[in-house]
Amino acid sequence: MRRAVQSFQRGPAAIGLLIALFLGVFLVVPVGKVILVAFQDPNTGAATLINFLDFFRNSLFRESFVNSFYVSAMSVLVASAISIPLAYFTTRFNFGGAVLIQTLGVIPLIMPPFVGAVAMQLLFGDNGSVNLLLDEYLGFTIPFMSGLNGVILVESIHYFPFILINLSAALNNIDRSMEESAQNLGASGVRLFRRIVFPLAMPGFVAGAALVFIKVFDDLGTPLLLNVNNMLAPQAYLRISSIGISDPMGYVISVILVAFSLLSLWVSLLALKGKDYSTLQKGGGGLMRRDLRTWEKAGCYVVVIAILLLVLSPHIGLLLLSFGTVWSFAVLPDAFTLEHYYTVFESASQYITNTLLYAGLAALMDVILATAIAYVVWRTKLAGRKWLDYGATGALAVPGVVLGIGYLRTFHDLQVPFAEQSLASWWVIIVIAMTIRRLPYALRACVAAIQQIDVMLEEAAENLGATKGRTVYRIVVPLMIGGILAGFVTSFATASVELSATIMLVARESDAPLAYGIYEFMQSAAGRGPGAALGVVAVIFVGLGTYISHRIIEGGKRKRESTSIVAQEATI
Amino acid sequence: MKKNIVTSVVLAAALTLSQAALAVDGKLTIVTSFPKDLTAVYKQAFEAANPGAQVEVLNKKTTAGIKYLQETAGSNSSDLFWASAPDAFEVLKGDGLLVRYRPKAEGIPDKVGAFPINDPDGYYSGFAASGYGIMWNERYIKAKKLPVAKEWADLKKPVFHGHVGMSAPSRSGTTHLTVETVLQGMGWDAGWAEWKEIAGNFKTVTERSFGVPDGVNSGQFGYGIVIDFFGLSSKASGFPVDFVYPRVTTLVPANIGIVKNAPNQPAAEAFIEYLLSPEGQTLLLDPKIQRLPVNPKTYAKAPAGFPNPFKDKSIGAAVKFDLDLSKNRYNVVNSLFDVMVTYRLDDLQAATAAIQEAEAALAGKPNAEAAGLIAQAKALVAKVPTDEATAGQKEFNSIFKKKRKKAGSKLEGRQAEVEQAWDAEVKANYEKATELAKKASSMF
């Protein structure tokens, strides 16, 4: 018995240590080297907390903090309003639109930098298409894009897939018998959803909502595009990236962002504490699907299409921009052309290969790490295991610039054997940066998945003589596959458009990913069209990559399910 | 037409350079903030002239480029740094990351406008000049029935309220020079008052300097305070926009410098020489580039209407630009602008709108009391929390600098502390001004 306990702990302990080492080398040390400034007196260099005191004394920073909090909370609400109906329709009904939602629902995450911003302004800005039309025919305009409300709108449209994907995965994991029991007891409709279905899917929803909250809290692209400065992340960025000045306040804000992200993660875990969400699956999980009557179907399509039109509007704008000649103060571009696509044709294939390679590798590493962390945290009793979760999630709040500078500082003098160059200029460092920055997405999805699995299944397997490794391989991972897929998709899609850390690390043109190529074009007036064309190419290829990985994993799952049923029958 | 110019220049370059047997080979790595439209043209031409050379262009924004060179200095792999803002080169020079190189190219004068073309110490060289001006969107101003603004002072008029965009001086070195030029041209207090009256009409302060031409091109706002090539190249790319230099502007050279311990110094030198050669200078006239050459002879090949600062002495000559003064208070000016304008734009807009409304009400109906209130409100908006003498003080400036002095020379005060005091004062002033102006309005 004692030996059993030891071997039970030894494997996970080794894995836990390896992960801790990885996070230490590629996250804690490089970031620590940069944000050390936050703890130094700006004049003497002595260790101090005075900078933090300055932060809380400064009314601008306090205001920024409140604004960031307000925007994040509102974005979670709006994103939930978008994603709950979509997730419910896809998992609950036999509905052709489900495929549409699953495929198109991820696309908002693939928002190429800069071009997306321009497209949004051209559509929804004060003098964008919608407002020009409103002004002409109705005589009023709506300030969609101004101030904090603009930030909330754009953030919700951009990040709601986090909730959609995680919630759908969770809904698919619910044991059908729960629903059947409820129905037998007379529950149906909204009551069934509110009392049984939604609560059981809570881990998925909380995982998604926490991601949206933290991501919006730390996001700087959107506020900067809307020129909203009075939020924390833009304040940090503006202070870190000015020429010649590097104000310690920028790093102080970074530390505060990391701390607050961890705090909100802890709160979200608290919300789930003390409840058991796991259900014993008996194969073929997921809710009962019901056929819709014709008029119901029509109604669903109307809702789904309306939501998709809203959330895909940036991409529609992007498409118009890539085919348009000049688009200036007008509802639509003046004329249409294919020229921009010719311009990018030559360079595009290199960028695409690099992007698919980097984002694919990064997402793969992310799901492996995330599955391992989720297992160590939720299935073992190792001391300090929760810190793996916190550490990995903390990466969410580290600004890309800080990570990029940290890598240059830490790894520039480290030569890679055989590659004959410095680790900081080797393309693999870009993959590692992406892995670290997108790990939190995969991790939340995998944690949600493991919370829904009843530990009894594993115990049963072990009682039947399966080793720990075999149990993980044959029971835990297959049951988690929905969550792992959700994690892969979000990591892959978002890694493919990552720019802030990449731009520091690209050391030669041939290593550059798509987002960098778009950035290069978007520096000049003539580059707007080609930049948008490259953006469209990015969306198509990443969308395809996502779709294919979906198919592969789903296919594998189906195959495994059928063999397991055969095995079941054979044993009977 | 454009292709022809490029090909003929490339051919000519290939001929002259190969005859002169200057050709270099090997890899040349250039860290630059310039767009592909510019770098691709030079890469192609330089490689044609030096068949053995491969140019590797690393596009990073200026700030990222500086950080990249600083962090990789230990085993440097870059040959050249190529960017607009002279202050970016000053930072690198201060860190000892550039080497001295005096170009051999002939026919380049010492100054453009009132600004020296090359670094007096020889660490970097100017290859093109640019100046700030006003660009506007023709469709926008037609639809909103707005006039054309030709001088900075025009932008103060109430009719432009909410129609102007600009980048912050802390974000872009050239924007900084524009702010500093007006401060030097009009004096510290009057200059800031001017900026705040203009800024009161801002729709937005963009995070990137390219955000301004982008906003004007797409029609987000009608007028932008931009560097000339943004305006000129937008126009040349077909956008319905135009550009003008106001009387008070400074021409600033865009620069190139050799990085210390460059892996391929001969190629780096050859590239600089190529950039300054008659062929290299002519490439600047490409419709997508549109920068002012530093070789006066090149203007003979320019299209009609292209500004020529060597002939038209009104461009960039109105202000005698004092480089030392600018350098001494560099960070204080940036920080003041951010505290007074960038981060408090909403309050400033509100105060400006209230004052403009009160003035409109006052027009034609003399009312001494109301006029007094408006004057008070304007003075409150214009107030700068620190005076010129303090701003230029070395000790005061070092609070805002990144480098700590050696242990022992302890400084008083921290940037965050100073900024908080400024912010509190500025915010209270704007609020009080709004209140006074509203009171004045209510008298009619």
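This is a predicted model: local features need pLDDT of at least 70, side-chain atom pairs count only at pLDDT 80 or more; totals for chains, interfaces and linings use all residues.
Residues are numbered from 1 along each chain as its sequence is written, with chains lettered from A in the order in which they are written.

**Chain A against chain B**
- 52 residues of chain A touch 65 residues of chain B, counting a contact when C-beta atoms, placed from the backbone, lie within 7 Å.
- On the chain A side, the elements giving two or more residues include α3 (59-92) and α17 (400-411); helices are DSSP runs (H or I, at least four residues) numbered from the N terminus.

**Nonpolar core**
- The largest nonpolar core has 311 residues, and A:V212, A:A433, A:C446 and B:F271 have the most contacts inside it.
- Such a core is a set of buried Ala, Val, Leu, Ile, Met, Phe, Trp, Tyr and Cys residues joined through C-beta atoms within 7 Å, buried meaning 20 or more other C-beta atoms within 10 Å of a residue's own.
- Leaving aside neighbours within four places in sequence, B:F271 is in contact with B:L28, B:F46 and B:L80.

**A helix pair in chain B**
- The axes (lines fitted to C-alpha atoms over the stretch in contact) of α3(B) and α4(B) come within 11 Å and cross at roughly 10°.
- That makes the two helices, α3(B) and α4(B), roughly parallel, a label for angles under 35 degrees.
- B:T62, B:I66 and B:L69 of α3(B) meet B:A88, B:V91 and B:L92 of α4(B).

How values were computed. Two residues are in contact if their C-beta atoms, placed from the backbone, lie within 7 Å. A residue is buried if 20 or more other C-beta atoms lie within 10 Å of its own, exposed if 12 or fewer, and partly exposed in between; C-beta atoms are placed from the backbone. Axes are lines fitted to C-alpha atoms, for helices over the stretch in contact, and angles run from 0 to 180 degrees between N-to-C directions. Angles under 35 degrees count as roughly parallel, over 145 as roughly antiparallel, 65 to 115 as roughly perpendicular and the rest as oblique.
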